[in-house]
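I'll jot things down in the order I look them up.

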Amino acid sequence: MGSDPRPSRSGTSDLDEGGHVSIVDERLTYVETKRPLVFDEIDFTIVDPDRVARELAAPLEYAQRVEAAVVGLGIETLMPRRDRRVQRFLHVWSIDEVGHGRALAELMDQLGIEAAPELEPRIPLHNQLVGVVTRLSRPMHQVVEAIWATAGAMNEHLAMAAYVRMDEILRSLGERALHESLFRTLRSHESAHKSFYAAYADEVMTQMDRWQRRLVALIVQHTYQPVGAGAKRDRPAFARTVTTLAGDHWEERIATPIQALAERLLNEGREMDPFVRDAVARCLASEPPRTG
Ligand SMILES: [Fe+2]
Ligand SMILES: [Fe+2]
């Protein structure tokens with residue numbers, strides 16, 4: 001995690017495009033060739049279902065809802081003129097996320113946790129943005145792509161961090177089967193998704209003018225919401241997840257790494273207003289933190 005090599009942007013506006021393309025291509029190849037999650041190969045053997053349900057009910061509900069939200073989005077109709085690499089990525093990404101949602105729903109079923117009520121099929125903001133790309137001038141097209149990729153990287157980081165922590169909890173409970181056959185894969189998939197988005201954001205950002213980069217940073221900073229917590233009614237579920245996974249350490253375990261990723265992608269690593277912390281804090285304020 002956090003080991004994405006970053007193309008150099010050192011003071012030149014005329015960068016070798018081939019180098020950047022190859023990083024995006026490399027990440028794309030990884031996404032396409034990584035080990036898939038095969039539903040029939042998941043081992044749902046659970047040593048202590050009551051305990052797992054107690055410890056992980058909130059994050060499972062949250063994660064399953066987020067994963068299930070991409071089902072049936074009709075991704076291919078969204079971006080009539082999208083980059084061929086984005087098209088290839090979204091194809092695999094959709095299959096991955098639908099598979100994650102299905103696996104989590106099955107796990108919840110086995111644990112006797114009711115799957116969260118389905119959200120009405122709403123297209124995530126970063127995908128809606130891609131939908132308007134085709135009607136924009138080239139500079140605005142790039143701005144939209146950079147926002148899409150940055151928001152995507154931040155969302156995937158959050159998903160990855162949640163699965164890393166859920167996996168740790170499962171291992172500490174001795175739930176080896178779920179660790180080996182499900183959560184290890186979920187973690188690595190989200191990491192692969194994040195790496196593609198981040199590489200794509202890097203590539204687009206290096207090709208843009210300063211005003212475009214500033215606009216991207218401004219928009220991300222002022223519109224950021226943790227994935228699955230965009231609507232007011234979704235915030236309590238996200239807050240319970242944050243509390244379960246990180247307790248009092250939510251800032252350093254959840255907000256700070258996502259903020260650092262945003263600063264790296266948007267501001268050449270320089271500090272920005274703590275907009276991620278503020279967004280998470282707003283969610284927590286919707287549900288008083290509880291522990292245990
Ligand atoms: Fe996922
Ligand atoms: Fe993902």
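This is a predicted model: local features need pLDDT of at least 70, side-chain atom pairs count only at pLDDT 80 or more; totals for chains, interfaces and linings use all residues.

I started with one residue, His 100, and checked what it touches. Leaving out residues up to four places away in sequence, I found Leu 37, Glu 67, Leu 186 and His 189.

Next I wondered: is His 100 buried or exposed? I get 24 other C-beta atoms within 10 Å of it, so His 100 is buried; the cut-off for that is 20 or more.

Thr 185 is 85 residues away from His 100, yet their C-alpha atoms are separated by 9.4 Å.

Then I asked which helix His 100 lies in. It's α4, which covers residues 84–111 and has 28 residues. I followed α4 from its first C-alpha to its last and got 41 Å, close to the 40 Å expected.

A reminder to myself: an α-helix has 3.6 residues a turn, so residues three or four places apart point the same way.

Just after α4 I noticed Gly 112, with a positive phi of about 75°.

Zooming out, I counted 11 helices and 0 strands in the protein. Buried residues make up 41% of its 292 residues. Of the contacts with a separation of 6 or more, 82% are between residues 24 or more positions apart.

The mean pLDDT is 84, and 79% of residues reach 70 or more. Over residues 1–16, though, the pLDDT is below 50, and that stretch has 17 contacts beyond near neighbours in sequence.

Conventions. Residues are numbered from 1 along each chain as its sequence is written. Chains are lettered from A and ligands numbered from 1 in the order in which they are written. Helices (H or I, at least four residues) and strands (E, at least two) are DSSP runs, numbered from the N terminus. The expected span of a helix is 1.5 Å times one less than its number of residues. A residue is buried if 20 or more other C-beta atoms lie within 10 Å of its own, exposed if 12 or fewer, and partly exposed in between; C-beta atoms are placed from the backbone. Two residues are in contact if their C-beta atoms, placed from the backbone, lie within 7 Å. pLDDT is the predictor's confidence in each residue, from 0 to 100.
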